[in-house]
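Have the 3D view open as you read.

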Amino acid sequence: MTIELAKRRKSRQVSLGGFPIGGDAPVSVQSMTNTDTRDVKATINQVNALKNAGCEIVRIAIPDEEAATAFADIKASTDIPLIADIHFDYRLAIATIKGGADGIRINPGNIGGREGVERVISEAEKHNTCIRIGVNAGSMSKNLLEKYGHPTPEAMVESALEHIALFEELDYRNIKISLKSSNVLQCIKAYEMLAERTDYPFHLGITEAGTLISGTVKNSIGIGALLLKGIGDTMRVSLSRDPVEEVKVAYEILRALDLRHRGIEIISCPTCGRCEIDLFGIVERVERELADVVIPLKVAIMGCVVNGPGEAREADIGVAGARGKGVLFKKGEVIEKLPEDKLAEVLITEVRKLIG
Ligand code: SF4
């Protein structure tokens, strides 16, 4: 049975150094390094770790000139699209565009006034650099805060429309938009409202979402709700954690919505009084040892043979436990009986055989 999502919002397609965003391009996954950008080696290592985890676009913070210089070195060492993240100083934006940035992220409200924006656009034009207009509830203009009292969704949308109008006046359209807030409902509302007013692609994200558990919930509900409505072209899950975890959560969100599938999907039971094996240990080992798999595959790990294979019938392969032993099953059919200490090992070997 296929459940259809809302029809995807028709956004125009823009180019991030040749990487398409919007239009009919799949929703792409981004993350951001948290190394010191000036430490080129450490940052390249993290860029590579993100790429190996399936990240498609990496954003790098540029706090000063030294970081802008380092950015060019990092860019020269990788083929993944890189975005320079800049606040306050348009000269840093210009330096990273010259240094090969595929995209930059700025808040036009704090980059040095209209003149700063004009200078950035003038350099971006020469390289067709994609510019993300990043509206953030935490840094709204004084005028809008006075008008609305708070950074409401209406204020965020008005701010975005003002910035878009300036970019269009300057005839620059290789842009995408984000409206970030740590308030999930406010964020959803703002994107929904802006979707009615413009066709530029949207970068989705819930900012300052928090720790692994609370952040995963906030991101999944916020980004997930928008994707369900067909809104969103690229996304960054934000967590107070190793950014590789952000990429994993992003793919879980996309998988849950049947938008994109990557790697092993573990279907495991919560266990109950019928479980007589160390199920959590097996799940952790299988997940860890199959983390490199890219091909989509459903792997079930169930606590008991009474309900296990049946409950996990849609899985490609799996194991179900009994007292001190278990069975290997494929598509709900039992294939082999195994002692408990062989369950994880055999399952991992069989999965490797399946994916060739
Ligand atoms: S598969 Fe078995 S052990 Fe796991 S929750 Fe279901 S009944 Fe309980």
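Helix 9 gives the largest share of the lining of the largest pocket, six residues. Keep in mind that this is a predicted model. Helix 9 and strand 11 (264–268) each supply at least two residues of that lining. The space in the largest pocket comes to about 660 Å³. Of the 18 residues lining the pocket, Lys 248, Glu 252, Arg 255, Ile 264 and Glu 287 are the closest to its centre.

Helix 9 turns up again when you look at helix 1. The buried residues of helix 1 pack against helix 9 (243–256), and also against strand 3, strand 4, helix 2 and strand 5. Here are those partners with their ranges:

| Partner of helix 1's buried residues | Residues |
|---|---|
| Strand 3 | 28–32 |
| Strand 4 | 57–61 |
| Helix 2 | 65–76 |
| Strand 5 | 82–85 |
| Helix 9 | 243–256 |

Helix 1 itself covers residues 40–52, which makes 13 residues. From first C-alpha to last it reaches 18 Å, close to the 18 Å expected at 1.5 Å a residue. Which residues of helix 1 are buried? They are Thr 43, Ile 44, Gln 46, Val 47 and Leu 50. Seen down the helix axis, these buried residues fall within an arc of 160 degrees, so they line one face of helix 1. The general rule behind this kind of pattern is that an α-helix has 3.6 residues a turn, so residues three or four places apart point the same way. On the other side of helix 1, Lys 41 and Asn 52 are exposed. Just after the helix, Gly 54 takes a positive phi of about 105 degrees.

The largest nonpolar core has 76 residues, and Ile 104, Ile 131 and Met 235 touch the most other members. Leaving out residues up to four places away in sequence, Ile 131 touches Ile 104, Ile 106, Val 120, Ile 121, Ala 124, Phe 167, Tyr 172, Asn 174, Ile 175 and Lys 176. There is also a second, separate core of 31 residues, with Ala 300, Met 302, Ala 312 and Ile 348 among them.

Last stop: Asn 110, in the loop between strand 6 (103–106) and helix 4 (113–127). Is Asn 110 buried or exposed? Its relative accessible area is 17%, under the 20% cut-off, so Asn 110 counts as buried. Neighbours within four places in sequence aside, Asn 110 is in contact with His 87 and Phe 88.

Note on methods
Residues are numbered from 1 along each chain as its sequence is written. This is a predicted model: local features need pLDDT of at least 70, side-chain atom pairs count only at pLDDT 80 or more; totals for chains, interfaces and linings use all residues. Side-chain values use heavy atoms; hydrogens and water are left out. Helices (H or I, at least four residues) and strands (E, at least two) are DSSP runs, numbered from the N terminus. The expected span of a helix is 1.5 Å times one less than its number of residues. Buried means under 20% relative accessible area, exposed over 50%, partly exposed in between (1.4 Å probe, protein chains only). The arc is that of the directions from the helix axis to the C-beta atoms. Contact means heavy atoms within 4.5 Å. A nonpolar core is a set of buried Ala, Val, Leu, Ile, Met, Phe, Trp, Tyr and Cys residues joined through side-chain atoms within 4.5 Å. On a 1 Å grid over the protein atoms alone, a cavity is a set of points where a 1.4 Å probe fits but cannot get out, and a pocket is an open set with protein on both sides within 12 Å along at least five of seven lines; lining residues have an atom within 4 Å of a point. Grid points are joined across faces, edges and corners, and a volume is the space filled by probe spheres set on the points.
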